[in-house]
Amino acid sequence: MHFRVKLKKPALLLSLSLVMFTNVALGFERLNVGDRVFVACENIFIHTKPSVFSEKIKTLKFGESLNITGLKKLFTLPASDASSKETLEREEEDSAEQEEREIRPVPSESYTRASWLQFANGYSPASCFVTKQLMKTQNPEKVKQKVNALSARQAKRNFSEDEKGDMTAMRGVAGKAKGAQANYEKVDKLIEENQKNLDTEIFEVFRKEGRLGEFR
Amino acid sequence: MRQWRQKFVLQVLTSIALSVAATEVNAQSLGGFLDSLNNQKAGKNGGQSQEQSPTQNIKNLFGGIKPNSDTTEGQVKKSGGGINLGKTVGKVFDAHHNTILGPMGRYYLGRKLSAHVLGRYATLPQSDSRTKYVRSIVLTLLSASNYAGNHKEPLVIILRDKSVINAFSAPGNFVFISTGMLDFVRNEDELAFVLAHEVAHVELDHGLNAVKSKQGTDLMKDVAGNAFPGLGGLLGNMMGYMENGFSADLEAEADRRGAELAAKAGYNARAGVNVIRRLEKSHGHQHAKGYPKDRTSIVARVANSSSQVPEKLVQIRSRRFDEIIRNR
């Protein structure tokens, strides 16, 4: 059997770049009414209203599944998101030109997301819910593997690149990174201390005094 | 014309196949797609199923396709400039797969980054009144954002370094601010804008986008370097955009969104204009490459469209700022 394929070089690059940058809403997975979603946060509640300041009526457990009955507080994805209106319209224009057809309007559902999800008994922040497929990866071992793989490419080049690669994920860093050992013990200690110092009453007084949040 | 159409259809099909397979939303259908690949392979192997990773399957799928090469049964005749498309596509899929992290993945990425930072700096304890105060501001800003839920509670860390005027954030809601920055800002509303800019980076997933862009650039360089020497145009533009322009765009987006978040939470977004003006003078535009040129006008536009914050409220918040941050 003869199998011969010829791809133009720019077209190949375009294809690869499409994989990297198309249809991937990194921060905000697209969820719809009727979807079964899973809790991927440890400290999350069902609220009476789509607001963190509303009454908490139920604590949700990590891994628990719920069915979406409504989407609340819809927002438009930022221009930097691969599913933003700007990006999708650009892609549609390119496709229409190549296919020699009229440009079709991009439906708003493609570039809007809900910040809160409605369930049978109340509301919860959408950023804590994932699809069944993504939930399969939500365990410490699997995510650590992925996170380590992110810096592996850099690490291959030279020792200090590992840290440089990591720093790429932080914005606003001034000056050059100085070499130092990662201190996981210290970060875990701070995370533990942080949990002990949570005081919802003090936080409410803070907002009330400063006329912030629900008191603005 | 017909030949061009055939090539075009092939290219579009390749793009669609890759894009569909890479889409997280369609990950379940990707599973089915890969299962069918496995089944086909099993059929050829006399019913023996082979368990392979999705990336390996994709590599298998494209393993035999080599541009600029004539492939005949049992014989591969390479011509100059051929690339291993299977391997390259596999790399792309690996890179893509690794950046789909979910809430727990973002948290672990943030933890890893924070561990590197903490290897270099001394910090204030979580029980310190300054940490508690800054944390309250961050939580107030987060409540106004589209990112109200996190895998674990957001962590605010104050770095003991008066020589550095800086704040930064990592995925998973890890927010850092130096004591130098606490000395630099003049009131709570200015501090809130600085923190809102960082919360915006987290909310908009800029950290992971930056990693993804970096990987994309590296992969494109690999492809171009190995197989397409001298290719400019498309690749040159793409890399120029990713390497030089992207960062300023993201910073502008974070300024805009930060001002919105501050205003939504009840702060005076105009405080952001003041703090940026002073920062630009103080840093002498040393970060000009990474920041947009018209930062103040971006923030001013948001402030002008937001409701006016009475000066009395700014003063009330300033008093507690002075008490906690200044009078020490």
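Helix 8 of chain B covers residues 188–203, and its 16 residues span 21 Å from first C-alpha to last, close to the 22 Å expected at 1.5 Å a residue. That expected span is 1.5 Å times one less than the number of residues. Helices here are DSSP runs of H or I with at least four residues, strands are E runs of at least two, and both are numbered from the N terminus.

A word on ground rules: this is a predicted model, where local features need pLDDT of at least 70 and side-chain atom pairs count only at pLDDT 80 or more, while totals for chains, interfaces and linings use all residues. Residues are numbered from 1 along each chain as its sequence is written, chains are lettered from A and ligands numbered from 1 in the order in which they are written, and side-chain values use heavy atoms, with hydrogens and water left out.

Back to helix 8 of chain B: 16 of its 16 residues are buried, buried being under 20% relative accessible area with a 1.4 Å probe and protein chains only (exposed is over 50%, partly exposed in between). Just past the helix, Asp205(B) has a positive phi of about 60°.

Over in chain A, three strands make an open antiparallel sheet in the order 4-1-8. Strand 4 (65–67) and strand 8 (129–130) of chain A are the edges with a single partner strand each, so one side of each has no neighbour in the sheet. Strands pair if DSSP finds at least two bridges between them, and two bridges join strand 1 (residues 36–39) of chain A to strand 8 of chain A. Phe38(A) sits opposite Val130(A) in strand 8 of chain A.

Now for the rings. Phe, Tyr and Trp rings (six-membered ring for Trp) pair if their centres lie within 6.5 Å; planes under 30 degrees apart are stacked, over 60 edge-to-face, the rest tilted. That gives five aromatic pairs over all chains. In one of them, Phe119(A) and Phe129(A) have ring centres 5.0 Å apart and planes at 50°, so the pair is tilted.

| Residue | Relative accessibility | Class |
|---|---|---|
| Phe119(A) | 2% | buried |
| Phe129(A) | 3% | buried |

In chain B, ring pairs link Tyr107(B), Tyr108(B) and Phe174(B) into a cluster.

Finally, confidence: pLDDT is the predictor's confidence in each residue, from 0 to 100. Chain B has a mean of 70, with 56% of its residues at 70 or more. Residues 12–82 of chain B stay under 50.

Conventions
Contact = heavy atoms within 4.5 Å.
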